[in-house]
Amino acid sequence: MRALRVLLRKELHATFTSPIAYAVAAVFLLVTGYTFSLTLFFTKVANLTYIFHQMYVLLILLVPVLTMRAFAEERRADTLELLLTAPVGEVWIVLAKFLAALVLVTCLLAASGAYAVILGLYGQPDWTPIYGGYLALFLLSCLLVAIGTLASSLTENQVVAATCSLGACLMLWFADSASYMVPAPLDALVIGLSLIGHFTTFVSGSLFMSDAGYYLTLTMLALFLTTRVVTDR
Amino acid sequence: MSQPPRPAPIDGPIVSIEGVSKLYGSVAAVSDVTLEVRRGEVLGLLGPNGSGKTTLLRMLTGYLSPTSGRLSVDGHDTERDRMAARRRIGYVPESLPLYSHMRVSEFLRFMARLRGLDAAASDAAVAEVALQVGLGDRLAAPIRTLSRGYRQRVAIGQALVHRPDILVLDEPTNGLDPRQIIETRNFIRGLAGQRTVIMSSHILGEVEKVADRVAILLQGRLLSVQSLADTPDLEALFLSLT
């Protein structure tokens, strides 16, 4: 755990001093703020469902940009050799990179909590879908960051890492569309892989363990694969 | 149940490499190398580019796993007991990898903490190593602003900050100006007796001036290990072997 603390501090420093983090934060908050204001102005309904779906799309597009540096930059600069010859397990290196990116994304989600506060101050929103929505966005962020970290561990080119990560996330988003081409009972498996299918239930205020389990299982699988990639030398 | 690793006797070899090979597909980067390094000596790995020096050092430091064979550091197997083995090594890769966005003191402290020193011990170790490698006036400088010579001092500093028994240097004089080369040579010679140093070089004169013994590698194979005191003409030996 001491190694994780040391590595996490270094990763957080690298993350929060990178201009990429601030560019992504600016785009995320600007776009969601614009949509929130516009939706509230036209509908006058104390509801964040639109915003949650927009954040879902924005996270899929922006998280690969945040995570592309994780291992690719270390490989390019050869600093991965320093980390991997230090007496720390590869799993701590992977977890530190994962957690640092997740902290940043969580900060973005926390900042967007201002929209919920505004609704609470001036209206009477139904809080269950709002809590569910934020829980879904957090779980989605875990999975996206884990996929991005995995993609970054496979290459030393950041653009390739971001592209592969984006491609994987988009394929998961649209996985349920492929169910029409797959015979039963495999079609249920393909539908079960869909990102959006497990997201909309949360946002509607219905919390299922199976949906949370989907995000957590795939997150752990991606982190496990990343550790394998980093360990296999 | 496997037996715990047995520490090497105090006067035994500190590094033991037994029948080590590393294959990339069907290409052997290192082929069946057996070598022992004595405590406190400076061993030079000499060979042309592509002879397997870096691969051998990377296997010793735990960055690469051998395809076959066994390496141990102070009795600790680099695969089965890799954390204990890594704690005993300080490593300076050829490319001098450093975190350019950090300041020198920040980087040295990070490396000290990463290698198990607590906060107070890290501060003391950073101050000590800064004096040792001549970085006292550059501790607050961002690494990205440093010259090649100072970057090399930082790289050596990070390798020594946890006071390892063994210092591994991959082509330590590459890219340095003549004065820096002389300083680096003197620095390495100054470590002899206090620490075991393993350095690689493709420059015969470098090894001749710094090492106690030389191991000559060619195409991944170890051709010869000689004491330099017993080798009056290293150039002739090298030419006769290669």
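**Exercise 1.** Which residue forms a salt bridge with B:Arg86, and how far apart are the closest N and O atoms?

*Solution.* Start with the ground rules: this is a predicted model, where local features need pLDDT of at least 70, side-chain atom pairs count only at pLDDT 80 or more, and totals for chains, interfaces and linings use all residues. Residues are numbered from 1 along each chain as its sequence is written, chains are lettered from A and ligands numbered from 1 in the order in which they are written, and side-chain values use heavy atoms, leaving out hydrogens and water.

Now look for a salt bridge (a side-chain nitrogen of Lys or Arg within 4 Å of a carboxyl oxygen of Asp or Glu). The partner of B:Arg86 is A:Glu90, with the closest N and O atoms 3.9 Å apart. Between chain B and chain A, the count is three salt bridges.

**Exercise 2.** Find how many residues each chain brings to the contact.

*Solution.* First, contact means heavy atoms within 4.5 Å. Next, count by chain: 28 residues come from chain B and 23 residues from chain A. Then turn to buried area (accessible area, 1.4 Å probe, that two parts lose on being put together, summed over both). The two chains bury about 2400 Å², 59% of it on carbon and sulfur atoms. In chain B, the most area is lost to chain A by B:Tyr63, B:Tyr99 and B:Leu114, together 28% of what that side buries.

**Exercise 3.** Work out the strand order of the open sheet in chain B.

*Solution.* Strands here are DSSP runs (E, at least two residues), numbered from the N terminus, and two pair if DSSP finds at least two bridges between them. Reading across, the six strands run β6-β7-β8-β3-β9-β10, with mixed pairing. At the edges lie β6 (89-92) and β10 (221-227) of chain B, each pairing on one side only.

Methods. Helix = DSSP H or I, 4+ residues; strand = E, 2+ residues; numbered from the N terminus.
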